[in-house]
Amino acid sequence: MSNKRWALLFALVILLCAAVTLLLPSGGSTVGIWQRGELLCTIDLAAVTEPYTLRIPYEGGESIVCVEPGSICIQSADCKSQTCVRHGRLRPGGTPIVCLPERIVIRYLRTEGGVDAVTG
Amino acid sequence: MKLSKPLISLLAPGILCLALSACGESSESVSFFAMDTCMTVTVTARDADEALALCESRVNELEQRLSVTLEGSELARLNSAGSGTVSDDTARLLSEALALCAETGGCFDISVSPAVAAWGFYTDEYRVPDESELAALRSRIDYRGVHIDGSSVTLGTGQRLDLGGIAKGYASEELRSLLQERGVDSALIVLGGSVEAIGSKPNGESWRIGVQDPNSGGYLGVYRLSDGCMVTSGDYQRSFERDGIRYHHILDPRTAAPAKSDLRSVTVVCDNALRADAYSTALFVMGSRRALDFWRQQGDFELILYTADGRLLLTEGLSEGFSTELPAEVISHEQ
């Protein structure tokens, strides 16, 4: 093969590498749920077709997480502050849903095109 | 050994990628709970994981010293004893806090702790103290009763300190120093509602920081932040209702009750998170008119104010970097 063809082959491999990188799942719609620092699960909200609930038990009660197509929120919690319930739905790039007493955090794994952080 | 051209063509891109990733920096984040909030630190550095571990460890160390609710913390012991010797961290923060109390005319006051406790904000067991109780609480609130001499601290009779309005700002500044000493030039330190940026994003763009809308989960707007910090205080962050009245957590040291402010939120943008933390609380208590007078006098920070009647006020230094879909009034230094 000529040098031109070797160069073409080289370029093709580079392009293939780039394509694989770009086509890998971005994680942009995937949220993680942590409790006391431990990742309980990840959910791709774009892949959710039917609403369902998740129970996060802890001493003295539980929090119910409502998962819907494209959104997630804490529906109820057995704590006094109810801050996590009042937070409502998680917004891309918005403040994570946080339950301070039970150390529960729900946040996007990665945000794209939104904001990097929220003050408030 | 002589490598054939096809083999070189196939291996070279992989080797190139490996070489680039080996010598490049990576962006890593860590989230953890401390100081009654969720914290996230994002660092771009060669040893990002090590830097993040040091950040978490430093915040935990500070919490052990500065927390008012953590049993056995340095501050809890000081509150209990009324006097004592404290660490360099606590002494330094107390000195800076007292200076900020004076600078804000007592609208920020670290001796407000008895009132915070009486309203139930430490335990989430909320209650509304009656007027006689409020009068008794007011007599215990005055930062001028706190005396510090080196590492020795003495509180006035019945006084207790709460550094919650400033400890996250102090922690943010400590993390900034820690990271910069390690040569980090791109990081975002988010300690609850306190956001501090070291440099810009790895791609050179400014960090995009949303300012929460008190009325919804959305944003009042987005500010493009590089090398600076933003801290917000708002009446929506923590509150409870009794008999149809909503009581929020930002107490006016002069009344020992939730501040009757014409503001819903105050966002301070400046180059020091500790100052921004104290200012955001104090300026909320002051209300919009006094807050803007204070801004005009100081002149080295910027403000985003959202009023109870839905007006968005921006000080003139933010007119370039802040984007919003809401009608905003730009406030100039000249009255």
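**Close-up views of chain B in a predicted model**

**Figure 1. The nine-strand sheet of chain B.** In this predicted model, nine strands of chain B form an open sheet with mixed pairing, in the order β1-β2-β6-β7-β10-β15-β16-β17-β19. The edges are taken by β1 (26-34) and β19 (328-331) of chain B; each has a single partner strand, so one side of each is left without a neighbour in the sheet. From one strand to the next, the twist averages 15 degrees.

**Figure 2. Strands β6 and β7 of chain B, with helix α7.** Strand β6 (residues 187-191) and strand β7 (residues 194-198) of chain B run antiparallel and are joined by five bridges. Leu191(B) has Ser194(B) in β7(B) as its bridge partner. Helix α7(B) packs on the sheet, where it touches β2 (37-45), β6, β7 and β10 (228-234) of chain B. The direction of α7(B) makes about 15 degrees with that of β7(B).

**Figure 3. The crossing of helices α2 and α7 of chain B.** Two packed helices are described by the angle between their axes and the distance between the axes. Here the axes of α2 (residues 48-66) and α7 (residues 167-181) of chain B come within 10 Å and cross at roughly 145 degrees. The crossing of α2(B) past α7(B) is right-handed. On the α2(B) side, the contact is made by Ala51(B), Leu54(B), Cys55(B), Arg58(B), Val59(B), Leu62(B) and Leu66(B). On the α7(B) side are Ala167(B), Ala171(B), Glu174(B), Leu175(B), Leu178(B) and Leu179(B). The residues of this contact between α2(B) and α7(B) comprise 11 nonpolar, two charged and no polar.

**Figure 4. The largest nonpolar core and Ile209(B).** The largest nonpolar core has 116 residues, of which Val43(B), Leu163(B), Ile209(B) and Met230(B) touch the most other members. Helix α8 (residues 273-286) of chain B supplies the largest share of this core, 10 residues. Not counting residues up to four places away in sequence, Ile209(B) touches Val115(A), Asp116(A), Ala117(A) and Thr119(A) of chain A, and Val195(B), Val222(B), Tyr223(B), Leu225(B) and Met230(B) of chain B.

**Figure 5. Chain B as a whole.** Chain B has nine helices and 19 strands. Its C-alpha atoms fill a box of roughly 95 × 50 × 40 Å along the principal axes. Of the 335 residues in chain B, 45% are buried.

Technical notes
Residues are numbered from 1 along each chain as its sequence is written. Chains are lettered from A and ligands numbered from 1 in the order in which they are written. This is a predicted model: local features need pLDDT of at least 70, side-chain atom pairs count only at pLDDT 80 or more; totals for chains, interfaces and linings use all residues. Helices (H or I, at least four residues) and strands (E, at least two) are DSSP runs, numbered from the N terminus. A residue is buried if 20 or more other C-beta atoms lie within 10 Å of its own, exposed if 12 or fewer, and partly exposed in between; C-beta atoms are placed from the backbone. Axes are lines fitted to C-alpha atoms, for helices over the stretch in contact, and angles run from 0 to 180 degrees between N-to-C directions. A crossing is left-handed if the near helix is turned anticlockwise from the far one by less than a right angle, and right-handed if clockwise. Two residues are in contact if their C-beta atoms, placed from the backbone, lie within 7 Å. Ala, Val, Leu, Ile, Met, Phe, Trp, Tyr, Cys and Pro count as nonpolar, Asp, Glu, Lys and Arg as charged, and the others, Gly among them, as polar. Two strands pair if DSSP finds at least two bridges between them. A nonpolar core is a set of buried Ala, Val, Leu, Ile, Met, Phe, Trp, Tyr and Cys residues joined through C-beta atoms within 7 Å.
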